[in-house]
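Please look through the structure shown here before reading the comments. They are written for someone new to protein models.

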Amino acid sequence: MAGSLDTTSLDAALAAAIRCHAERQRRSVARDLQRLEKAVLLRRLGLDDAAVRQAIAVERATQLPAALGIWLRERVTVELQRLTRMARGAHPRYDINRHIAVRRLANWLEGHDERPAEEADERTAGRVLNARFVRHHASAAKLRRRQA
C-alpha cells in the first residue's frame, strides 16, 4: 500500500507518555495520602490545627520547632509503648494499622527517610528469593562436606 502510514513509533511514544503521566498521578496521590495519614494521626495525638498544618508543611522532622518536635517524640513514644502492650496482651481493641501508622510517624520523627512513593510497591520476586535460598543452601552443604 503506497499511501499507508506507519504509526508504530507514535503509538509507542503515546504509550510511554501515558505510563509517565499515570506514574506521576500515582505518586501525587500517594503523597497526599501520606500527608492525610500524618494529619489524622497528629490530631489524634492531641495537636491543634495550626500545629498539624505546620508539621505537615515541613519535609523533614528536623525542620519542626524544637518544642513541638520534643513533645511529638514523647507522645509518639508513649503511644508506641501502649500499642505494643496491647499487641502483646492480645487486647481486643488493638489495631495493627494504627500501630504501623504510629511506627511510620516515629521513623519520620527519628529522621529515617521513608521509602519514596515510587519504591513503595517494589518487592523481590519469589523466584529470585527461591534462587537465593537454593544457592545459600548448596553453599552451606558444600562447606559442611569440606569440613567433614
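1. Basis. This is a predicted model, in which local features need pLDDT of at least 70, side-chain atom pairs count only at pLDDT 80 or more, and totals for chains, interfaces and linings use all residues. Residues are numbered from 1 along each chain as its sequence is written, and side-chain values use heavy atoms, with hydrogens and water left out.

2. Domains. The domain assignment gives domain 1 (14-114) and domain 2 (118-147); such bounds come from an automatic or database assignment. Between the C-alpha centres of domain 1 and domain 2 there are 34 Å.

3. Helix α4. This helix covers residues 96-110, 15 residues in total, and spans 21 Å from its first C-alpha to its last. That is close to the 21 Å expected at 1.5 Å a residue, where the expected span is 1.5 Å times one less than the number of residues. Helices here are DSSP runs (H or I, at least four residues), numbered from the N terminus.

4. Which residues of α4 are buried? They are Arg-98, His-99, Ala-101, Val-102, Leu-105, Ala-106, Trp-108 and Leu-109. Buried means under 20% relative accessible area, exposed means over 50%, and partly exposed lies in between (1.4 Å probe, protein chains only). The buried residues of α4 pack against α1, α2 (49-57) and α3 (66-88).

5. Lys-38. This lysine sits in helix α1 and is buried, at 17% relative accessible area. Apart from neighbours within four places in sequence, Lys-38 is in contact (heavy atoms within 4.5 Å) with Leu-105 and Trp-108. Both Leu-105 and Trp-108 are on the list of buried residues in α4.

6. Surface patch. Val-29, Leu-33, Leu-36 and Val-40 make up a nonpolar surface patch with about 360 Å² of accessible area together. Patch residues have over 30% relative accessible area and no salt bridge; nonpolar side chains (Val, Leu, Ile, Met, Phe, Trp, Tyr) are joined within 5 Å, like charges within 9 Å. The areas come from the Shrake-Rupley method with a 1.4 Å probe, and for residues only the protein chains shown count as cover. Val-29 belongs to α1 (residues 8-44) and is partly exposed, at 46%.

7. Salt bridges. How many salt bridges does a search of the whole structure find? The search finds nine, each a side-chain nitrogen of Lys or Arg within 4 Å of a carboxyl oxygen of Asp or Glu. One of them joins the side chains of Arg-104 and Glu-37 at 2.8 Å, N to O. This pair links distant parts of the chain, with Arg-104 in α4 and Glu-37 in α1, 67 residues apart. Arg-104 is partly exposed at 37%, and Glu-37 is partly exposed at 33%. Another salt bridge, at 3.0 Å, joins Asp-49 and Arg-43.

8. Glu-79 forms a salt bridge with Arg-82, with the closest N and O atoms 2.7 Å apart. Glu-79 and Arg-82 are separated by about one helical turn because they are three residues apart in helix α3. Glu-79 is buried at 4%, whereas Arg-82 is partly exposed at 32%. Salt bridges with shared partners join Arg-75, Glu-79, Arg-82 and Arg-98 into one network.

9. Ala-90. This residue is in the loop between α3 and α4. Ala-90 counts as exposed, at 62% relative accessibility.

Notes: Helices (H or I, at least four residues) and strands (E, at least two) are DSSP runs, numbered from the N terminus.
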